[in-house]
Amino acid sequence: IPKTFGVHVVYLSVTPSSTSAKGGETLTVDGNGFDTSTNASCLLDRRDGSPPLEIAATVVNTTAMLCESPVWDNVERSPKLTFSPESPDADLHPLNVTFFPEWLA
């Protein structure tokens with residue numbers, strides 16, 4: 001009987017780490033174990049108790065995926081960035097994106 005091993009997904013970095021609150025910039029997520037045949041998404045936790053904002057991601061290859069930054073209306077509260085599929089190491093590699101006011105862009 002063949003054994004099947006799950007791929008361990010790890011999210012390591014996001015570039016750029018800051019972006020304009022007007023949105024529309026491509027965020028590149030680097031890591032390991034991404035699957036081009038799986039639906040993936042970037043989740044932005046607003047940190048206000050509401051459900052996270054889910055943005056469809058494009059998996060480029062096993063080490064990179066792309067998400068488009070959304071319009072962000074609360075630049076004083078940068079979101080915690082998580083992903084789907086989830087990584088068991090998410091707490092070891094917390095990632096954040098800082099949104100700056102549109103007039104600074």
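How many aromatic pairs does the count come to? The count comes to three aromatic pairs, where rings of Phe, Tyr and Trp (its six-membered ring) pair if their centres lie within 6.5 Å, and planes under 30 degrees apart count as stacked, over 60 as edge-to-face and the rest as tilted.

Before the tour begins, please note that this is a predicted model, in which local features need pLDDT of at least 70 and side-chain atom pairs count only at pLDDT 80 or more, while totals for chains, interfaces and linings use all residues. Residues are numbered from 1 along each chain as its sequence is written, and side-chain values use heavy atoms, with hydrogens and water left out.

**Stop 1: the aromatic rings**

Select Y11 and F83. A pair of aromatic rings is described by the distance of the centres and the angle of the planes. The rings of Y11 and F83 are stacked, at 4.2 Å centre to centre with 20° between the planes. This pair links distant parts of the chain, since Y11 belongs to strand β1 (residues 10–15) and F83 to strand β7 (residues 80–84), 72 residues apart. Strands here (E, at least two residues) are DSSP runs, numbered from the N terminus. Both Y11 and F83 are buried; buried means under 20% relative accessible area, exposed over 50%, and partly exposed in between (1.4 Å probe, protein chains only).

**Stop 2**

Next, display the strands. Seven of them form an open sheet in the order β1-β3-β6-β5-β4-β7-β8, with antiparallel pairing; two strands pair if DSSP finds at least two bridges between them. The edge strands, each pairing on one side only, are β1 and β8.

Centre the view on β4 (40–45). Five of the six residues of β4 are buried, so that the strand is mostly covered. On one side, five bridges join β4 to β5, and these two strands run antiparallel. Along this pairing, C42 stands opposite I55 in β5, and L43 has E54 of β5 as its bridge partner. β4 also pairs with β7 in the antiparallel sense, over five bridges; here the bridge partner of D45 is K80 in β7.

**Stop 3: the disulfide**

Which residues form a disulfide with sulfur atoms 1.8 Å apart? They are C42 and C67, and a search of the whole structure finds one disulfide, defined as a pair of cysteine sulfur atoms within 2.5 Å. The link spans distant parts of the chain: C42 lies in strand β4 and C67 in strand β6, 25 residues apart. The torsion about the S-S bond of C42 and C67 is about 80°, so the disulfide is right-handed. C42 is buried, with a relative accessible area of 2%, and C67 is buried with a relative accessible area of 2%.

**Stop 4: the nonpolar core**

Now select Y11, V29, F34, C42, M65, L81 and F83. These are the residues with the most contacts inside the largest nonpolar core, which has 21 residues. Such a core is a set of buried Ala, Val, Leu, Ile, Met, Phe, Trp, Tyr and Cys residues joined through side-chain atoms within 4.5 Å. At least two residues of this core come from each of β1, β3 (26–32), β4, β5 (53–61), β6 and β7. In soluble globular proteins, nonpolar side chains tend to be buried together.

Focus on L81. Leaving aside neighbours within four places in sequence, L81 is in contact with V14, C42, L43, L44, L95, N96 and V97, contact meaning heavy atoms within 4.5 Å.

**Stop 5: W72**

Move to W72, in the loop between β6 (64–68) and β7. Is W72 buried or exposed? W72 is buried, with a relative accessible area of 7%. Apart from neighbours within four places in sequence, the contacts of W72 are A21, L44, R46, L53, R77, P79 and F99.

**Stop 6: backbone features in the loops**

Select T15 and P16, which are joined by a cis peptide bond with omega of about -5°. P16 is in the loop between β1 and β2 (18–20). A cis peptide bond also joins S84 and P85, with omega of about 5°, and P85 is found in the loop between β7 and β8 (95–96).

Finish at R47, in the loop between β4 and β5. Although R47 is not a glycine, its phi is positive, at about 60°. R47 is partly exposed, with a relative accessible area of 44%.

How values were computed: Helices (H or I, at least four residues) and strands (E, at least two) are DSSP runs, numbered from the N terminus.
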